[in-house]
Amino acid sequence: MNMKDRMHTGELYLPGDESIMKEQAGCLERLYDFNSTRPGETARREAMLKEMFSEIGEGCYIEPPFYSNFGGKHVHFGKGVYANFHLTCVDDTHIYVGDYTMIGPNVTIATAGHPILPRLREQGYQYNMPVRIGKNCWLGAGAVILPGVTIGDNTVIGAGSIVTKDIPANVVAAGNPCRVLREIGERDERYYFRDREIDI
């Protein structure tokens with residue numbers, strides 16, 4: 001198995017392999033062009049994202065600048081996904097984001113890891129584990145999602161959280177490391193923020 005194939009198996013591989021670097025360089029050129037678009041060029045941005053991403057549904061919006069190791073090549077967005085400024089996708093392998101998920105500014109979603117053993121890091125070895133984020137989630141500003149994590153549908157991840165392990169569906173979770181604080185429930189049917197009642 002060559003190094004490029006090992007990127008998506010969870011096995012150790014060398015990311016500096018010539019074939020990987022060549023493919024990555026082309027992806028980064030397209031990413032540079034996307035980040036250079038003007039605010040009014042929404043149609044151009046949409047067209048570019050369809051070329052850059054592995055999959056992207058209708059009605060998605062990513063606010064530049066957007067950072068990505070492979071320019072979105074291994075990113076799968078459902079429909080209606082919104083990402084604010086400075087989303088970083090370390091997409092050395094696949095990242096899956098469900099429909100209508102909202103991503104706050106300065107969020108990092110990382111699939112790449114490096115061995116703990118120093119001699120392996122010295123040789124440049126890396127491994128990648130996919131990240132899966134469900135439908136209708138909200139990732140608060142500055143959240144970091146680590147390799148191999150799955151987040152269930154409808155879940156809210158608090159700002160600044162470091163998500164090191166799977167988080168179930170229909171909960172509010174926060175902290176470092178991120179942990180479940182509570183389930184989404186009846187009170188959320190009435191209040192949208194502290195004591196502010198929903199009136200729509």
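## Cavity

By class, 5 nonpolar, 1 polar and 2 charged residues make up the lining of the largest cavity; here Ala, Val, Leu, Ile, Met, Phe, Trp, Tyr, Cys and Pro count as nonpolar, Asp, Glu, Lys and Arg as charged, and the others, Gly among them, as polar. The model is predicted, so local features need pLDDT of at least 70 and side-chain atom pairs count only at pLDDT 80 or more, while totals for chains, interfaces and linings use all residues. Residues are numbered from 1 along each chain as its sequence is written, and side-chain values use heavy atoms, with hydrogens and water left out.

The structure holds 1 cavity of 30 Å³ or more, and the space in the largest cavity is about 50 Å³. A cavity is a set of points, on a 1 Å grid over the protein atoms alone, where a 1.4 Å probe fits but cannot get out; lining residues have an atom within 4 Å of a point. Grid points are joined across faces, edges and corners, and a volume is the space filled by probe spheres set on the points. The lining consists of Phe34, Thr42, Arg45, Glu46, Leu49, Cys60, Tyr61 and Ile62. H3 and S2 each supply at least two of the lining residues, and H3 gives the most, with 4 residues. Helices (H or I, at least four residues) and strands (E, at least two) are DSSP runs, numbered from the N terminus.

The largest pocket holds about 580 Å³ of space. A pocket is an open set of grid points with protein on both sides within 12 Å along at least five of seven lines. The pocket is lined by 19 residues, of which Trp138, Val156, Arg182, Asp188 and Tyr192 are the closest to its centre.

Strand S16 (156-157), helix H5 (186-190) and strand S20 (191-193) each contribute at least two residues to the lining of the largest pocket. S20 has the largest share, 3 residues. By class, the lining of the largest pocket has 11 nonpolar, 4 polar and 4 charged residues.

## Sheet

An open sheet is formed by 7 strands in the order S2-S5-S8-S13-S16-S18-S19, with mixed pairing. Strand S2 (61-62) and strand S19 (179-183) are at the edges and have a single partner strand each, so one side of each is left without a neighbour in the sheet. Two strands pair if DSSP finds at least two bridges between them.

Within this sheet, strand S8 (residues 102-103) pairs with strand S13 (residues 138-139) in the parallel sense, over 2 bridges. Isoleucine 103 has leucine 139 in S13 as its bridge partner.

## Aromatic pairs

There are 3 aromatic pairs, counted where rings of Phe, Tyr and Trp (its six-membered ring) have centres within 6.5 Å; planes under 30 degrees apart count as stacked, over 60 as edge-to-face and the rest as tilted. The ring centres of phenylalanine 53 and phenylalanine 66 are 5.8 Å apart and the planes stand at 40°, so this pair is tilted. The pair links distant parts of the chain, 13 residues apart: phenylalanine 53 is in the loop between helix H3 (42-52) and strand S1 (55-56), and phenylalanine 66 is in strand S3 (residues 66-68). Both phenylalanine 53 and phenylalanine 66 are buried, where buried means under 20% relative accessible area, exposed over 50% and partly exposed in between (1.4 Å probe, protein chains only).

Tyrosine 61 and tyrosine 82 form a stacked pair, at 6.0 Å centre to centre and 5° between the planes. Tyrosine 61 belongs to strand S2 and tyrosine 82 to strand S5 (residues 82-83), so the pair ties together parts that are 21 residues apart in sequence. Tyrosine 61 is partly exposed at 28% relative accessible area, and tyrosine 82 is partly exposed at 29%. Ring pairs also link Phe53, Phe66 and Phe77 into a cluster.

## Salt bridges

The count of salt bridges is 7, each being a side-chain nitrogen of Lys or Arg within 4 Å of a carboxyl oxygen of Asp or Glu. Among them, arginine 6 and glutamate 11 meet at 3.7 Å, N to O. Arginine 6 is partly exposed at 21% relative accessibility, as is glutamate 11 at 31%.

Arginine 190 forms a salt bridge with glutamate 197, with the closest N and O atoms 3.3 Å apart. Salt bridges that share partners also join Lys4, Glu23 and Lys73 into one network.
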